[in-house]
Structures are given as structure tokens and as C-alpha cells.
Amino acid sequence: MNEINKSAAFWRSFPIFEGFNKETLVEIAGIATWRKWSPGTVIFQRGDEGTYLIVLVTGRIKLSLITPQGKELSLRQLEAGSILGEMAILDGQPRSADATAVVATEGYVISKRDFIDILTRNPTAAQAIIHYLCTKLRETTEQLETIALYDLDARVARFFLATLRNIHGEELPDSANLQLSLSQTEIASIVGASRPKINRSILALEEAGAIRRNDGIIHCHIGRLYGIAEPDDD
């Protein structure tokens, strides 16, 4: 595989660029700038102007909001392979959340001006972006549904399954190992619960044989997780 093909494969591994052709991906590589952020760095804040998007290559970035009472509400934890900041550069609105590097983090920054220029000149790429945004909207709807309609054990099981799908794709194996970099407190913020309740729910999943923890590795029984995530109402 030559260097151009390697570069195209790298950029296409990020969902936002999946539908881009090779020539457009070469352009993307040409406008991307490598950046590093140390742990605790506030990359941008809610209300900031959206002038760039970030392609996350290593590390972890937390998206959060500060409530009127001064408490932090964690919205999502993004890891390698994720994109953030794309909404603000596409709709022209301010940033909708704070973004903070949780650990040492590296990735590419792509400016709004250069990115919009590429989309303007490449209708196929613009169509691919529309598909990507529709997918993101469906994921957000599913997350809200999970919090509103399912009990906590089901929500935690769905969290594990969603994390596994990010690694393995939609077709999951019968069993899989998962090494989470998130604490129980961070998981609690994502699924809408307290840390003690998350701990009890994880113990319940273990008792049901859906997961088994060993030296930081979570061994997941996919069928049993699905059984808890999608309980039979009959």
C-alpha cells in the first residue's frame, strides 16, 4: 500500500470522513495540523466561536456543562477515533459544551475555513457529511431513549454494548473483552445515575453472568447483556 492509500485509509477510519473519496481525503490531510493537549487542558468552552474541529488520535476528551449551581454535568467521554467540534463549524453556532483533555491527548485540528472550502467544492463530501450528521442524531435519540425508558441495569448493559460496538462494529462476537478508561463516576454521569447505583448495577450484571471483571478487564457475555438491555416485556 503506497503512502497516499495509507493516508486515505487513516482518514477514512474516522466516521465523518467515511464517504470521502481518495482525492478529497488527500486534501483533508493537507489542511490538518497536529496538536497536543496536556491533562486538564480546557480545549474550548461553551459559548466559544467554533473555528475548528478536532480529529482525536490518542487520549481522551471530556464534554461537559457547568450547571447554574456550579456543578459539572459530564455529557460524553471521547476517545481515539472520535471527532469533536464539528457541529459548531457546520451550523455557525457557538460551542455547545466545554471540552477538556482528561489525559495526555493528541490529534489533528482542521480549521472551519479550510473545511468548508473543501465541502463547497466537493458535493459528494457534503453529502457524506449529511449522512454522518443523521447518524449522530440517531445516536443522540437512542441515548435519550435509554435514559428515559430503561431501568438502570438495562442502561448500564446498553452502555457496555454501545462501547463494544464502537470497537467491533454492529456485529458483535458472542463474547468480548473490554478495558474501560472511565471511572464509575464518569459512567454514572453518562447514563444518568449516581456512583453507588452504578456500582450496584455492575454487581447485578455480574450476578446475572453478563460480565465478569478481572484485573481491569471486563469479560462481556454479549447474549446476556442483550437480554438485560432489551428486557422481554411479555
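**Close-up views of a predicted model**

**View 1. Helices α1 and α2 cross.** Helix α1 (residues 3-12) and helix α2 (residues 22-31) have axes that come within 9 Å and cross at roughly 80°. Axes here are lines fitted to C-alpha atoms, for helices over the stretch in contact, with angles running from 0 to 180 degrees between N-to-C directions. The two helices, α1 and α2, are therefore roughly perpendicular to each other (65 to 115 degrees; under 35 is roughly parallel, over 145 roughly antiparallel, the rest oblique). Helices (H or I, at least four residues) and strands (E, at least two) are DSSP runs, numbered from the N terminus.

This is a predicted model, in which local features need pLDDT of at least 70 and side-chain atom pairs count only at pLDDT 80 or more, while totals for chains, interfaces and linings use all residues. Residues are numbered from 1 along each chain as its sequence is written, and side-chain values use heavy atoms, with hydrogens and water left out.

**View 2. Where α1 meets α2.** From α1 come Ile4, Asn5, Ser7, Ala8, Trp11 and Arg12, and they meet Lys22, Leu25, Val26, Ile28 and Ala29 of α2; contact means heavy atoms within 4.5 Å. By type, the residues of this contact are 7 nonpolar, 2 polar and 2 charged (nonpolar: Ala, Val, Leu, Ile, Met, Phe, Trp, Tyr, Cys and Pro; charged: Asp, Glu, Lys and Arg; polar: the others, Gly among them).

**View 3. Asn122 in its loop.** Look for Asn122 in the loop between α4 (112-121) and α5 (123-149). Asn122 is buried, with a relative accessible area of 15%; buried means under 20%, exposed over 50%, and partly exposed in between (1.4 Å probe, protein chains only). The Asn122 side chain reaches the backbone oxygen of Ile118 at 2.7 Å. Beyond its neighbours within four places in sequence, Asn122 is in contact with Thr24 and Glu27.

**View 4. The largest nonpolar core.** This core has 25 residues, and those touching the most other members are Phe160, Leu164, Ile198, Leu205, Ile211, Cys220 and Leu225. A nonpolar core is a set of buried Ala, Val, Leu, Ile, Met, Phe, Trp, Tyr and Cys residues joined through side-chain atoms within 4.5 Å. Helix α6 gives the largest share of this core, 7 residues. A second, separate core of 22 residues includes Phe14, Ile16, Ile28 and Ile83.

**View 5. Helix α7 and its end.** Helix α7 is mostly covered, with 6 of its 8 residues buried: Gln184, Glu186, Ile187, Ala188, Ile190 and Val191. After α7 comes Gly192, whose phi is positive, near 80°.

Conventions. Polar contact = N/O pair within 3.5 Å; in protein donor to acceptor, adjacent residues only side chain to side chain.
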